[in-house]
Amino acid sequence: MMDNLRAASNHVALKIILGLIILSFVLTGVGGYLTGGSGDYAAKVNGQEISRAQLERAFSSERARQQQMLGEQFSVLASNEGYMQQMRQQTLSQLIDEVLLTQYAKDIGLTIGDDQIKQAIFTQPAFQTAGQFDNAKYLSIINNIGFSADQYAEALRKQLTTQQLINAVTKTDFVLGNEADSLAALVSQQRLVREVTIDVNALAAKQDVTQEEISNYYQQHQSSLMSSEQFRVSYIKMDAAAMEQAVSESDIQSWYEKHQDDYTQPQRNRYSIIQTNTEAEARSVLDSLKKGDDFAKLAKEKSVDPISARNGGDMGWLEPQTTPDELKGASLKEKGQLSGVITSSPGFIIARLDETQPEKVKPLSEVHDDIAAKLKQEKAVAAFYKLQQKVSDAASNDNESLASAEQVAGVKAVDTDWFDRDNLPADLKFKAVQDAIFNGALLGENGAPGSNSDVISVDGDRAFVLRIHEHKPEAVKPLKDVTAQITATLKQQKALQQAKTQADKLLAELKAGKGDDALKAADLKFAAQQTLTRMGQDALSQAAFSLPLPSEGKPSYGVSEDDKGNVVLIALDKVQKGEIPEAQKQSLVQGITQNNAQLAFAAMLSNLRKEAKIKYGAAAQAQ
């Protein structure tokens, strides 16, 4: 059992797993807690320093996260100094919050025990193979990590303590039963309404529009009556995938011989160990083993290493680069061979060689097809880049057309129809190609012919050389081309205004109790009553739930528009209680609870910041 984590962290098997676990904390900034202080700091929080190294590590992690999430768009953002400075400040703010939470947890006595840390280690999926601890995996990682077991334990303890504090705040908010019932009643409320629709399209058909009105609209709205910039281009497309090259058996054999290490599994050994605190205990265990006592049983009973002891001392399969020096030094050669007492930094060890797997090289027959495919791809890519250079030279030397480039490429250039930014040909839908077409660099001056592009490389080992064949700049459309469009717009505007004016008059009559006669005179009538719920997303439902409650026997009236753009008079006759399934009610309560908890946590952080003494250093600024 692990009674004290600090002592147990020196055990051989435990040292193997710590490196893998620490990786997740380095990536999320928890590793920053391990950095020592210096004069060049980012901030001091109640005297506790956040170093430049901590900030740089967290900033790099955030930058990598955003780059992965945003892709090419991040390159544009990263070129903006203001944006990057803002990201740096946000990263520092998060680090300050982490320190404040850790300090507060300590002040109120929140602690994480050794057993909780041990459980966190044992249940980490990243450290398991098929649901079990894999010591070989731990060993291969720990050799590349510069953190000690003590440092990892401290970082893990801090992170779990902070999480405990967050849970204490966010999981204690609740909604009382009567509050939940009132909330459910409000959400499930139903409204019984009738509607009168004034058809705007029907009114539009009756409107008259003068030539003067059309001319005035044209002059005032030219920015919305522009024709898009348009292009016709010629292009040559080069694709490595279409340039498959033949490979010979001798090529495959030669590559296999030069890269045989890639297909070699080195010798692997499987060891079991028993670790003790004293040399005397180790010698006693060794004597028992020599007398024939069961190794696995003794490991479970006597070994102070918690990980290997659970598995009867088994360390799993280890390759040379993942084998601890203590086991290499034992020079065990035969299956079942026992070591003597091995002295190591964590204590004393008895080791046994359980199994050996000799070095194994995959035969050429197993990897032949993979090598052939690889060589074909490499040759195709080489030919592709060689052709790129030839086409680039030809397009550059003969800048008046693509004729020379066509001859070198061995294909005819493709001529497109007219297109604009919104309807590019499928072949050209690459950002680099679009930039070359639309940035103006390939256009001649004053309508003169332009030049050939450089080779434009895109994803998937493809490349283009193109030339703008014809160009139409953005321009205001002639009046004759937009007269019908303007006429329809003006008629619709007039009809909508007429409908709103009519609706306002009818609304006044309805509120005055004279609605029936007014509606009859306008040849309008209310449609059949319908029941609307608060969940409705249509315009009518939204409008109905914004109306005041009706009085006894007297509807509440309002005016709105429907989803088709018609003007609608609404009569709210009745408000009634609806039903909500219990599961939906609980989900609603849970959402409110979580929202309240988030507000409480934000308030706690805000209060901690107000009371804290935070001093910013030179490292807080962008470098």
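## Basis of the model

The structure is a predicted model, in which local features need pLDDT of at least 70 and side-chain atom pairs count only at pLDDT 80 or more, while totals for chains, interfaces and linings use all residues. Residues are numbered from 1 along each chain as its sequence is written, and side-chain values use heavy atoms, with hydrogens and water left out.

## Overall composition

The protein chain holds 23 helices and 21 strands; these are DSSP runs numbered from the N terminus, with helices being H or I of at least four residues and strands E of at least two. Of its 623 residues, 39% count as buried, where buried means under 20% relative accessible area, exposed over 50% and partly exposed in between (1.4 Å probe, protein chains only).

The accessible surface of the protein chain is about 34900 Å², and carbon and sulfur atoms account for 47% of that surface; areas come from the Shrake-Rupley method with a 1.4 Å probe, and for residues only the protein chains shown count as cover. Among contacts between residues at least 6 apart in sequence, 75% join residues at least 24 apart, a contact being heavy atoms within 4.5 Å.

An open sheet is formed by four strands in the order 10-9-12-11, with antiparallel pairing; two strands pair if DSSP finds at least two bridges between them. Strand 10 (314-318) and strand 11 (342-344) are the edges, and each has a single partner strand, so one side of each lacks a neighbour in the sheet. On average, neighbouring strands of this sheet are turned by 35° against each other, direction ignored; axes are lines fitted to C-alpha atoms, for helices over the stretch in contact, and angles run from 0 to 180 degrees between N-to-C directions.

Strand 11 pairs with strand 12 (residues 347-357) in the antiparallel sense over three bridges, and I342 stands opposite I349 in strand 12. Helix 13 (residues 279-290) packs on the sheet, where it touches strand 9 (268-276) and strand 12, and its direction makes about 35° with that of strand 12. Helix 14 (residues 295-302) also packs on the sheet and touches strand 9 and strand 12, its direction making about 45° with that of strand 9.

## Pairings of strand 7

Strand 7 (residues 230-239) pairs in the antiparallel sense with strand 16 (residues 462-472) over 10 bridges; here K237 stands opposite F464. Strand 7 also pairs in the antiparallel sense with strand 14 (residues 414-415), over two bridges, and V414 in strand 14 is the bridge partner of Y235.

## Helix 11

In helix 11 (residues 211-220), the buried residues are I214, Y217 and Y218. Seen down the helix axis, these residues fall within an arc of 100°, so they line one face of helix 11; the arc is that of the directions from the helix axis to the C-beta atoms. Their cover includes strand 17 (475-476) and helix 20 (479-511). The face turned away from the buried side carries the exposed residues E212, Q219 and Q220.

## Two buried residues

T91 lies in helix 5 (residues 81-107) and is buried, with a relative accessible area of 3%. A polar atom of the T91 side chain lies 2.9 Å from the backbone oxygen of M87. Leaving aside neighbours within four places in sequence, T91 is in contact with L55, A58, F59 and E62.

L547 is placed in the loop between helix 22 (539-544) and strand 19 (556-561), and is buried at a relative accessible area of 12%. L547 and G558 are 11 residues apart in sequence and 6.7 Å apart in space, C-alpha to C-alpha. Not counting residues up to four places away in sequence, L547 touches R191, S556, Y557, G558, I570 and L572.

Definitions and conventions
Polar contact = N/O pair within 3.5 Å; in protein donor to acceptor, adjacent residues only side chain to side chain.
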